[in-house]
Amino acid sequence: MTPPGPRALEILRRDSKVLSPYNRPFYYPFVACSAKDCIVRDVDGNQYVDFNSGLVAMNVGHCHPRIVEAVRRQVGELMHYSYTDFYYPHVVELAEKFLPKTPGRFEKKVFFGNSGAESIEAAIKLTKWHTGRHRYLAFIGAFHGRTIGAVSFTASKPLQVARFFPTMPGVTHVPYPYCYRCPFKMTHPECNFYCVDFVDDMVLHRYVPPEEVAAIVFEPIQGEGGYVVPPPGYFQKLKKLADKYGILLVDDEVQTGMARSGRSMLLKGDGCRFVAGSYGFKIGDNGLEGWGSLHHTCC
Ligand SMILES: Cc1ncc(COP(=O)(O)O)c(C=O)c1O
């Protein structure tokens, strides 16, 4: 049946009456009903191969039996007690399993949050706390979430910040290494990463005092910005610049992490250490869908 079918149209009509359009870009009128492995079905019975993968969240496909079983077991045992105030054995076990998969061999700790944006908020607090500085660099084309702190780093579409001014002060956006459409009209590798030199020579020498910059917040591959892959060597040069001024790096791997780019974390092994990383992955299923976000420290 050509979508949206009659049932889908009915849901769209009811949705627009009772659900806020806030933060919902509505790419197309797909009304999901059920899913298994890589197939999703809409309310009118149409079936699709899910190349969206639930917005990059369904690493092991939809309704994987082991995940369904684990969720069923857990909700039967304990649904909530508040990990912010008390202790859970499973959370400790998950952190112990996860940490060895993150970049660098040193002591780290995990913050579990509800969303990618929450992990960015945590990274803001952590880097401010750690450095005593209050400014940030982020990238044109970036997407880091929709809360006021996270949206301050986002620079992918004007709509994302329209009418929210002022967002968090102190964030300056600089060009991303987008070689296919180089903002400087240069060619890699002849450019020798002029985009990093530009940050040093023009931004940090002219209008952003480097000693006030807490961190550079980046995606190792820009997702929302158009799946932009920086050339090898870029992050090493960026790291050198950051080290020169004692600036920390915040690696947002909400899209690239958890093996979605082929490695557990994209920047693992690239010679970079990060003070904070945020990693999105799917922790629930069947109505408990959500991103678990992790944030690790290496101070
Ligand atoms: C790179 C990146 N960071 C952060 C976020 C925000 O995640 P959430 O929507 O879970 O808050 C997203 C969401 O798509 C993202 O792609």
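**Sheet, helix pair, backbone and ligand shell**

In this predicted model, β1 and strand β2 (residues 39–42) run antiparallel and are joined by four bridges.

Colleague: Which strands are the edge strands of the open sheet of three strands?
Modeller: The order of the open sheet is β1-β2-β3, with antiparallel pairing. An edge strand pairs on one side only, and this holds for β1 (32–36) and β3 (47–49). The edge strands are therefore β1 and β3.

Colleague: Which residue in β2 is the bridge partner of Lys36?
Modeller: β1 and β2 run antiparallel, with β2 covering residues 39–42. Within β2, Lys36 has as its bridge partner Ile39.

Colleague: Where is Asp37, the residue other than glycine with a positive phi?
Modeller: Phi of Asp37 is near 55°. Asp37 is placed in the loop between β1 and β2.

Colleague: Are α7 and α8 roughly parallel or roughly antiparallel to each other?
Modeller: Helix α7 (residues 194–206) packs with helix α8 (residues 234–244), the axes being 9 Å apart and the angle about 15°. Angles under 35 degrees count as roughly parallel. The two helices, α7 and α8, are therefore roughly parallel.

Colleague: Where does Pro189, joined to His188 by a cis peptide bond, lie?
Modeller: The peptide bond between His188 and Pro189 is cis, with omega about 10°. Pro189 has its place in the loop between β6 (171–174) and α7.

Colleague: What is omega for the cis peptide bond that joins Pro3 and Pro4?
Modeller: Pro4 lies in the segment before α1 (6–18). The bond joining Pro3 to Pro4 is cis, and its omega is about -5°.

Colleague: Which residues come nearest to the ligand?
Modeller: By class, the shell around the ligand holds four nonpolar, seven polar and three charged residues. Of the 14 residues around the ligand, those that come nearest are Ser115, Gly116, Ala117, Gly145 and Val254.

Key:
Residues numbered from 1 in each chain as written. Predicted model: local features only at pLDDT ≥ 70, side-chain atom pairs only at ≥ 80, totals over all residues. Near = placed C-beta within 6 Å. Nonpolar A, V, L, I, M, F, W, Y, C, P; charged D, E, K, R; others polar. Axes fitted to C-alpha atoms, helices over the stretch in contact; angles between N-to-C directions. Parallel < 35°, antiparallel > 145°, perpendicular 65-115°, else oblique. Pairing = 2+ DSSP bridges.
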